[in-house]
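Have the structure open while you read, since the points go from whole chains down to single strands.

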Amino acid sequence: MKKKTLFGRLSSSNLLLPIVSLILVMAVNIVFDIASGNNPFSFFMITLQNTTSNGVVLYGRIIDILNRGSEAAILAIGMTLVVSSSAGTDISVGSVMSLCASFCCMLLAGYGVSSTNELAVPLVVGVLGGILMGVVCGAFNGTLVAVFQIQPMVATLILYSAARAIGLLLCNDLIVYVRNDAYAFFGGFLGPIPTPILITALCVIVMSLVLRKTALGMYIQSVGINRRASRISGLNSTRIIFLTYVLCGMFAGIAGIVNSSRITSADSNNIGLYLEMDAILAVALGGNSLGGGRFNLAGSIIGAYTIQAITTTLYALGVSTTQAPVFKAIIVILIVAIQSEPVKAYMKKRQAIKAA
Amino acid sequence: MKILRTLASVILSGLVLAGSCGCGRQAGVGEDQTGAGSAAGMDREKTDQPEAPETELQGQDCYINADGIVIRRGRQLTIGFSQIGAESDWRLASSASMENTFRIDNGYNLIFDNAQQKQENQIKAIREFIDQGVDYIVLDPIVETGWTSSLREAEEAGIPVIIVDREVRPEDENLYTAWLGSDFRLEGDRACAWLEALLNETSADGPVNILHIQGTMGSSAQIGRSEALFDAAKKNGWNILQSVSGDFVQAKAKEVAENALKQFDGGIQVVYCENDNMAYGVIEALEEAGITPGTRVSRGEVVIISFDSAAEGLAFTMDGKIAVDTECNPLYGPPLSRLILSLETGEQVKKKNYYEEGQFSTSEGISTVTVDGKEYPVTMVTEELIRKRAY
C-alpha cells in the first residue's frame, strides 16, 4: 500500500478543517500587521522577557493564546467524552469550575476567612479537595444521566444553576483570597513556561494515552453510536457513560483550580462564567458531531485554542471588548458553516468535476 | 351586613383623613417630588402607633453615637437593603458597614439581600421588600437603567427608596426619595488633577499615552471616572491609546492589559484603572512584561492610577506600585442612618447627598490637588494609616 503524505493523511482525517480554521484566524493577524506597517509576523513572535516577579518568561501573543485557552481546552477534553458517550452536553462545567475553586480556596484559607497569606491546610489537600469536588459533581451528573437516564442537558442544568451558589455558600458569600506564592503556581510560571499550558498538555497527553492504550476510547464511541447494541455485545453502557461524566467533572475541577490560581482567589461569580459554552463550541469546532458517537480529541483541543485565538485576534485588532462577542459570533458561524455537510459535499463535488 | 359596611366606610374615611393630614404636613417639607412617597411611609407609621406624637418620638428616642450612627430607642425601623454582591473588598466593607449600622440593638431590623451581581435578583428583592412592608428600601443598583417599574411599585406601595453608591438614570429621579454616595466624577477629576500635577512636577516632555481600563460599562463609577479622564485628556492634550473594559475584575483587567502591552509595545506612560482590583491585574501584567510601575515616567516607569483605596490597594500604593489611589468610601451605613433620621423627622432632604472622600499617594511633591477652584488634600500612605482604616 502506498504510504500517504502528511497532507494526505491530514485531509483524510477529520482534523483538516479545524486546523485550516485555526490557521485562517491566525492569518488575519498577518494581513492586519502588513496593512498597519508592522512586522508581518509580529503576532507570532515569541520572545524571552525579563520580569520583576517571575524571572525570565516566554512572552508573546501565541503564548497568550495557549495560556488563556488552557481552561477551555481542559474542559473540552471532558466535554468531548461526554458528548460522544451520551449524545448530550454537560452544561454544568463552568459552574462546577467555580464550585471547585471555591472549595479549594475554602480549604486553603479556612472557612469564613476572606483573605489569607498562610495556608490552613497543605496545598496538596486543597488542590486534591477541589479536584475531588469536581469528581463528586461529575458522579452526580453521571448518576442522573446514566442510571436515571435523564436527558443530559436537563440533568446537568441542576448543577449549572446550583453549583455556583453552593460555592458561594462554602465561601460564606465572600471572595476568598489566597495570597500565597505556592497557590499562585498553577496560574503562574514553571521556569519560563506558563504553568496552565503545561497542565493542559499533561491532561491531554494522559487522556489520549488512556484512550489509545486501553479500549476505553472505543467503548465510549460504541456506546455513543448505539447504546443498546453495545450493551448486548457485552459493554456496561451505564458504567461507561457514568465514567465520562466523572472525567468531565474532574477536568472541570482542574480547570477551576487553574483559573482561581491565576487570580489567587475564588471569585465565585466570575470563575468559569459562560465557559461551558466555549467548551461545547470547542467540541463542535473540532469537527465532532454533537449527536454522539465518533470523536476526535485533538479536534476539540484545536477548537478550544481557535476560540481563544479569535478573542486574542480581536484584541489585537483593537475591537472593543463590548463589541467582541458580535465578531466572535460571525467568525464562529463561518467556521461551523465551512464544516457543515452540504458545504463539504459541494467541495467534494467540485473536486470530482476537476478530476474528471 | 349593613353594620359591617358602615363600619368599614368609617374606618376608610378615617384612614383617608389620616392620609391627608400626613400629606399636609409633608407638603411643606419637600419640593423634592418624593414627598408623596415618604408621606405614605409616615402614614403607615402613624397608624401603627397612633398615640405617640411623631416629633416627640424622634426627639426623645434617638441619638447619634460616636461613629455617627443614629441609635433608635423607639419603634424599630425595618430596612430592606439590596446589595449588588460580594465581588470585591470594597463591596464587603460596604456590606459590613450596613450590617454594623442597622443592628437590632441600634433599633433597626435590616433585611439584607445579596444579589450575586444580577439585576434580576435586585428587582426580585425589591418586590420582596414591598411584600414584607419594610419602612425603607435601600438599593445599590448594579446598573443605571431598568429600574423604572420596580421603583414605581415601591412608590405605589408608599415605601421610600434610598439609592446608595451607584446611581439610577436621571429619568427615574422622581421615583426615589434620595441618593447617597460618592461623587464619581469628582473622584475622576481629582485623579486627573493629580496626574497633571505629577507631570508638571517631573516636567516630563514627550507624549502622554494613557491606557484606560474601564469598569463595568454603564455603571456610575465607570461613567463618572471615564468622563473625567476624557475631559482631562482633551484639556491637557493627553493621548488615550485605548479604552477597554475590565469589568472591575482582576482577571479580565490582566488579560486586556496583557494585550495592550503587546499592541502598544513600550508606548504606555499611564494606566488609568477604574478600581483597585483591576489595578492588581494590571500590575501583574506589567511586571510579567518587565515594566516597573512607578512615578518616574522619564525612566520608563508606568504610572498606575487607581480608585477605591481598599487595604490591599493602599498597600500597593505604599510600595509605590499604584501612584495615586483616590478613595471611594464604602462606609455608607452611618451617613445613611442620619439621612433616614432626617426623613423620619420630616426635614428637607437634598436629592443628591455626597460624603467626604480622601486621596492617597506616596509622592512627596503633591500635597493638594485643585478641582474647580477647590483644594483637596492628598494623604501620604503609612503603615499606621492602613492599619487604622476599617477596610
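The points below cover the chains, their contact, the core, the sheet and a few local spots.

1. Ground rules. This is a predicted model, so to speak of local features I need pLDDT of at least 70, and side-chain atom pairs count only at pLDDT 80 or more, while totals for chains, interfaces and linings use all residues. Residues are numbered from 1 along each chain as its sequence is written, with chains lettered from A and ligands numbered from 1 in the order in which they are written.

2. Chain A overall. I get 16 helices and seven strands for chain A; helices (H or I, at least four residues) and strands (E, at least two) are DSSP runs numbered from the N terminus. The radius of gyration is 21 Å, close to the 21 Å from the globule rule for 356 residues, so chain A is as compact as a globular protein of that length. That radius is taken over C-alpha atoms, and the rule is 2.2 Å times the number of residues to the power 0.38. The C-alpha box, along the principal axes, is roughly 75 × 65 × 40 Å. Buried residues are 50% of the 356 in chain A; buried is 20 or more other C-beta atoms within 10 Å of a residue's own, exposed is 12 or fewer, partly exposed is in between, and C-beta atoms are placed from the backbone.

3. Chain B overall. Here the secondary structure comes to 13 helices and 17 strands, and 48% of the 391 residues are buried. Among contacts in chain B between residues at least 6 apart in sequence, 72% join residues at least 24 apart. For chain A, 76% of the contacts with a separation of 6 or more are between residues 24 or more positions apart. A contact is two C-beta atoms, placed from the backbone, within 7 Å.

4. The A–B interface. On the chain A side 27 residues are in contact with 25 residues of chain B. Strand E1 (47-51), strand E2 (55-59), helix H3 (61-68) and helix H14 (297-316) of chain A each put in at least two residues.

5. E1(A) and E2(A) form a hairpin with three residues between them. Five bridges join these antiparallel strands, and A:Thr51 has A:Gly55 as its bridge partner in E2(A).

6. The core. The largest nonpolar core has 195 residues, and A:Leu75, A:Ala76, A:Cys100, A:Phe251, B:Ile213, B:Val282 and B:Ile304 touch the most other members. Such a core is a set of buried Ala, Val, Leu, Ile, Met, Phe, Trp, Tyr and Cys residues joined through C-beta atoms within 7 Å. Helix H12 (residues 237-262) of chain A gives the most, 15 residues. Leaving out residues up to four places away in sequence, B:Val282 touches B:Ile213, B:Ala253, B:Lys254, B:Ala257, B:Val271, B:Cys273 and B:Ile304.

7. Domains of chain B. The division is domain 1 (30-182 + 331-354) and domain 2 (184-329 + 357-388), with bounds from an automatic or database domain assignment. Their C-alpha centres lie 33 Å apart, and the contact takes nine residues from domain 1 and 15 residues from domain 2.

8. The sheet in chain B. It is open, with seven strands in the order E9-E8-E10-E11-E12-E14-E17 and mixed pairing; strands pair if DSSP finds at least two bridges between them. Strand E9 (239-245) and strand E17 (379-380) are the edges, each pairing on one side only.

9. Strand E11 of chain B. How many of the six residues of E11(B) are buried? Six of six: B:Val303, B:Ile305 and B:Phe307 on one side, B:Ile304, B:Ser306 and B:Asp308 on the other. Four bridges join this strand (303-308) in parallel to strand E12 (324-327), and three join strand E10 (270-273) to E11(B), also in parallel.

10. B:Lys388 sits in helix H13 (residues 383-388) of chain B and is exposed, with 8 other C-beta atoms within 10 Å.
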